[in-house]
Amino acid sequence: MSFDAFPFWIFLLAVWALYLAIPSNAARKTLLIIASYLLYASWAPSYLFLLGGVTIGSYWAGVLVGNRQRRAVLITAVTALVALLAIAKGRLNPLPVGISFYVLQAIAYLADRYRGHLPEPAGLFDYTLHMSFFPRLPAGPIVRADEFLPQLRKGVPVTGAMVWEALVLVSFGLFKKLVIADNLALAADPVFANLHASGSRILLATYAFAVQIYCDFSGYSDIAIGTARLFGYRLPMNFNWPYLARDPADFWRRWHISLSNWLRDYVYFSLPGLRAKWRGYTYLNLCVTMLVCGLWHGASWPYLAWGGYHGALLAGHRAVHAHRAPKKPTGLHAFGSILLMQQLAVIGWILFRVNRLGDLPVYARSLGAAPFFTGFTGAEWTAIALLAAVVIAHLLEVRVPITRSAIARPWNPWLLVLFVLMGMAAVVMGVPTQRMFLYFRF
Amino acid sequence: MLPKPGHFGIAHLAGYTVLILLLAAGAALFYFGGFTYFLSNQSSSLSVVLALTQARAHHDATVVVLGNSTAAEDFHPNRFNAQSPRRTAVNLGVPSAHLYFFDRILSAGIDQGLHPRTIVLMYTPEFLSLWPDFDFLLNDLTMLKTVLNSGDLVRLGSHSRNARAYVNYASYVAARPILFRGEMRDLLLHPRERLDQARTVRTWLASFGPGSPMPETANTFSVCDAGPLPELEQTIARLEREGRASQAAEDQRVLAGYAPRIHKPLRVDAFETLRFRRVLERLAAETGSVYLVPAPFYDPNYDQYSAEYRRGVDRAVRDVVAAVPGVKLLPPFPADCRLFQDTVHLNHQGADQFTDYLHARVL
C-alpha cells in the first residue's frame with residue numbers, strides 16, 4: 001500500500017474515522033499502533049520483527065543509558081543499530097521499508113537520553129508509537145523524541161484547521177508526486193539507463209532528475225506531514241524550497257531538513273575537534289558528515305561521491321566565509337547565488353543518479369558530442385513544460401509563500417477549485433504504471 | 001488575489017459557484033454517462049457502447065452470445081438470424097473481455113430492453129488462470145466505465161480474491177475519473193481529431209436500428225498460409241525482403257496474437273475457477289439456459305496452451321458445469337488451420353461454420 005495508491009487512502013480514512021470516534025487518548029494511540037503495524041505488514045510482513053526488535057531493543061537501551069550516562073551501553077546499542085542498518089542495506093533484498101529512518105530515530109533517542117535532553121524515559125507504549133507512527137514510517141521525516149513524545153502524552157484534539165492543513169499538504173504532495181515527479185521520471189530514466197544519447201537529452205534528463213527527486217521526496221514528505229496532521233500531530237518540515245538556496249549551507253537547511261538536522265546533531269557534533277582552533281577540523285568534519293550522509297543512502301561509490309562532493313561544497317563555503325562574515329545577498333546578487341547553487345546541486349545529482357562512477361566519462365562524452373540536439377520525445381516535451389511550471393512556482397514562492405498562504409485560508413472555495421483541478425491533472429497526467437516513492441528504497 | 005480568511009464576500013460566492021459547477025460537470029461526465037458523448041474510435045469503451053447499441057436495436061433477440069474477441073469474431077449473428085427469424089441472436093462479445101464483464105454486460109443489455117432466454121458463453125483457456133503482467137479485472141472495469149454504478153461495488157465482492165483486492169478495485173469504481181484517464185489524455189493531446197471522430201462515432205451508432213445488420217468480421221486469410229508458427233518472424237522477414245507486403249502484414253497479425261500467448265506459465269487457479277462458476281450461476285439465474293462452448297483455437301505445437309493445462313481446464317470446466325444447474329457444455333467445434341485467420345480467431349468461412357454449429361445445438 002503505497003501513499004499514492006487507493007488502498008492506502010481507504011485505509012487512512014477508515015483509521016481516521018475510528019480515531020475521531022474514540023474519545024480516550026490511550027485508545028487512540030493503541031489504534032494508531034495497530035494501524036501502523038498492519039500497514040507495515042502490508043509492505044513487508046517478514047520484517048515486522050525488525051521494527052519490533054529495534055523498538056524494544058532501543059527502548060530498553062534507553063532505560064539503561066538513563067541519566068547516569070552509561071557510555072558503554074550507548075556505544076553498544078548504537079553500534080548494534082548501525083550494524084543492523086549496514087547488514088540490512090548490504091544483504092536484505094528488498095530493503096525493509098523505513099529501516100533507514102527508524103534506526104536513525106532510535107539512535108537519536110539513545111543519544112538524547114545519554115546527553116540528558118530526555119531526562120524521563122518514554123513509556124514503552126508511547127515509544128512504540130513514536131517508532132512506528134505510520135505516516136512517517138516508510139521514509140521519515142525523522143522526528144526527535146522530544147518533539148513527538150510530548151504530543152503523544154498530551155493528546156491533541158483534531159480541529160477543522162488541522163484537517164484543512166492536511167488537505168492542503170496532501171493535495172500538493174500528491175500533485176508533486178503523480179504529476180511532476182512521475183512524468184519527469186519518464187524523461188530521466190531512459191537516458192540514465194543508456195547514456196549514449198544526444199547532449200540535449202542528457203541535459204534535459206539531468207534537470208528532470210533534479211526536479212524529480214525533489215518533487216518525489218518533498219511530495220511524499222508533504223503527504224506524511226499532512227496525514228499526521230489529520231490525527232492532530234505536527235511533524236517537522238522536511239523541505240523548504242531547496243532550489244531557492246543561496247549557498248551550500250542554505251541548501252542543506254532546506255533539503256531533507258530532518259536528515260540534515262540529524263547529521264548535524266548526532267554525527268557532526270559527535271566528531272572530535274569541535275572546539276579546536278585549527279579550522280581544518282571543521283572542514284574535515286563537514287566532509288566526514290556528508291560522507292556518512294552519502295553512505296546512509298547506500299554503500300555504493302556514486303552515493304559516496306555525492307556525499308563527498310557536498311562535504312567539499314560545505315567545507316569550501318565555510319572556508320570562503322572564514323575570514324569575512326557572510327552577507328545576505330540581495331537583488332541580482334541573490335538571483336546569481338540561487339542560480340549558481342542550483343547548478344552546483346544539479347552537478348551533485350549527476351553523481352547521485354549514475355549507476356556507477358564509470359558512467360561519468362560516457363555522460364561527459366555524450367553531453368559534448370555533436371549533434372547536440374536530435375529532437376525530443378513526447379515525454380521529454382512534457383518534462384520541459386513541467387520544468388517550466390516548476391520554475392514559475394519558484395518565482396511565485398519568492399513573492400508569496402504558497403503553502404503557508406494556502407494553509408492560512410481555510411476552506412477557501414477557490415483553493416478547493418484549485419485542488420479539484422489538481423486532482424483532475426493528476427488523473428490525466430498520472431503515469432499508469434505506478435512508481436514507488438524514490439526514498440522508499442533508502 | 002484570494003479572498004481574505006474569515007471574510008465571506010462576492011469572491012467566496014463566485015468560488016463556491018465555480019466549485020459546484022465543476023463538481024456537477026465531473027459527476028455528469030464520469031458518473032452519469034456524459035463522457036459517452038466524447039468517445040472516439042480510440043476509446044476502450046467504444047466496444048461496450050457498440051454492444052449495448054446492438055442490444056437496444058435488437059432487444060427482441062432471445063439468444064445472447066457472450067465472450068471476448070473470440071465471440072466477437074467467431075459468431076456471425078446475421079447468418080444465425082437468417083436461419084431462424086423467430087429466435088434471433090445478438091452478439092455481445094467484446095475483445096479482451098474477461099470474467100467480470102460477462103454478466104455485467106448482460107445486465108446492462110437487459111437495461112436496454114433485452115429479454116434473453118438462452119445465453120451462449122464462449123470461454124477460452126485463459127479464463128481459469130492468472131495471466132502474468134495483465135490485470136483482466138481492471139481491464140474489464142476500464143472498458144465498462146461508462147455503465148458502472150454503485151451496484152458494481154457489491155458485485156466486485158465476488159470477484160475479489162481478498163479484502164485488499166476488493167478495496168483496490170472498488171476504489172476505481174468509486175473514483176471513476178481514473179478509469180477515463182486514457183480517453184481524457186488522448187482528448188487533450190488530439191482535441192480536434194478526437195472530437196471529429198466522436199461525431200462520426202455518434203452518427204455511426206445512431207445508424208443502428210432494429211432492421212440493421214450487426215457488425216461481423218470478414219477476414220478470409222487462412223493461418224495455414226502463414227507457415228510454421230514458431231518460424232513466423234523469419235517468414236515475415238523473408239516476405240518483406242521479397243516485397244510481399246500484404247502477406248507479411250497478415251503474418252504480422254498472426255504473430256501479434258501468437259507471440260503474447262506462447263510459453264505463458266498458465267495454471268488452473270482455484271479462485272479464478274470459483275469466479276467462473278459464480279459468473280455461470282448468475283447467467284443461469286438470469287435465463288435458466290446457458291450453453292458453454294469452448295472457443296476454437298489453433299495450437300498444433302501446444303506452445304500456447306500446454307497439454308497439461310488443457311487437461312486441467314477441461315476437468316475444471318466439467319466440474320463447474322456439473323455443479324451449476326441450467327448450464328450445458330457443448331463439445332469443441334472441430335476446426336483445422338483452414339478455418340482460422342490467426343491462432344485464436346476463426347476466419348469468415350470458419351465463423352460461418354461455427355455459427356451453423358451453434359445454431360444446430362442451441363436452437
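This is a predicted model: local features need pLDDT of at least 70, side-chain atom pairs count only at pLDDT 80 or more; totals for chains, interfaces and linings use all residues.

Reader: What makes B:His263 count as exposed?

Author: B:His263 has 8 C-beta neighbours inside 10 Å. The limit for exposed is 12 or fewer. Therefore B:His263 counts as exposed. Its place is in the loop between helix H12 (245-258) and helix H13 (270-287) of chain B.

Reader: Is B:Tyr302 buried or exposed, and how do you know?

Author: Exposed, because B:Tyr302 has 11 other C-beta atoms within 10 Å, and the cut-off is 12 or fewer. B:Tyr302 lies in the loop between strand E4 (290-294) and helix H14 (307-323) of chain B.

Reader: Now chain A. Why is A:Leu332 called exposed?

Author: Same test. A:Leu332 has 8 other C-beta atoms within 10 Å, so it is exposed. A:Leu332 sits in helix H14 (residues 331-353) of chain A. Its C-alpha atom is separated by 32 Å from that of A:Ala187, 145 residues apart along the chain.

Reader: How many helices and strands does chain A have?

Author: Chain A has 18 helices and zero strands.

Reader: What makes chain A as compact as a globular protein of that length?

Author: Its radius of gyration. The value for chain A is 22 Å, and the globule rule gives 22 Å for 442 residues, so chain A is as compact as a globular protein of that length. Its C-alpha trace spans about 65 × 60 × 45 Å along the principal axes. Buried residues make up 42% of chain A.

Reader: And chain B: how does its radius of gyration agree with a compact globule?

Author: A compact globule of 363 residues would have a radius of gyration near 21 Å; chain B has 23 Å, which agrees. The C-alpha trace of chain B spans about 80 × 55 × 45 Å along its principal axes. Chain B has 15 helices and five strands. Of its 363 residues, 39% count as buried. Residues 24 or more positions apart account for 80% of the contacts in chain B with a separation of 6 or more.

Reader: Why are H12(A) and H13(A) called roughly antiparallel?

Author: The axes of helix H12 (residues 279-297) and helix H13 (residues 301-320) of chain A cross at roughly 155° and come within 7 Å. Angles over 145 degrees count as roughly antiparallel. That makes H12(A) roughly antiparallel to H13(A). The crossing is right-handed. Residues making the contact include A:Leu286 and A:Met290 of H12(A), and A:Trp306 and A:Leu314 of H13(A). The contact residues divide into 14 nonpolar, eight polar and one charged.

Reader: How many residues of chain A are in contact with chain B?

Author: 16 residues of chain A are in contact with 21 residues of chain B. Helix H1 (6-21) and helix H18 (413-429) of chain A each supply at least two residues of that side of chain A. H18(A) gives the most, with seven residues. The residues on this side of chain A divide into 13 nonpolar, two polar and one charged.

How values were computed. Residues are numbered from 1 along each chain as its sequence is written. Chains are lettered from A and ligands numbered from 1 in the order in which they are written. Two residues are in contact if their C-beta atoms, placed from the backbone, lie within 7 Å. Helices (H or I, at least four residues) and strands (E, at least two) are DSSP runs, numbered from the N terminus. Ala, Val, Leu, Ile, Met, Phe, Trp, Tyr, Cys and Pro count as nonpolar, Asp, Glu, Lys and Arg as charged, and the others, Gly among them, as polar. Axes are lines fitted to C-alpha atoms, for helices over the stretch in contact, and angles run from 0 to 180 degrees between N-to-C directions. Angles under 35 degrees count as roughly parallel, over 145 as roughly antiparallel, 65 to 115 as roughly perpendicular and the rest as oblique. A crossing is left-handed if the near helix is turned anticlockwise from the far one by less than a right angle, and right-handed if clockwise. The radius of gyration is taken over C-alpha atoms; the globule rule is 2.2 Å times the number of residues to the power 0.38. A residue is buried if 20 or more other C-beta atoms lie within 10 Å of its own, exposed if 12 or fewer, and partly exposed in between; C-beta atoms are placed from the backbone.
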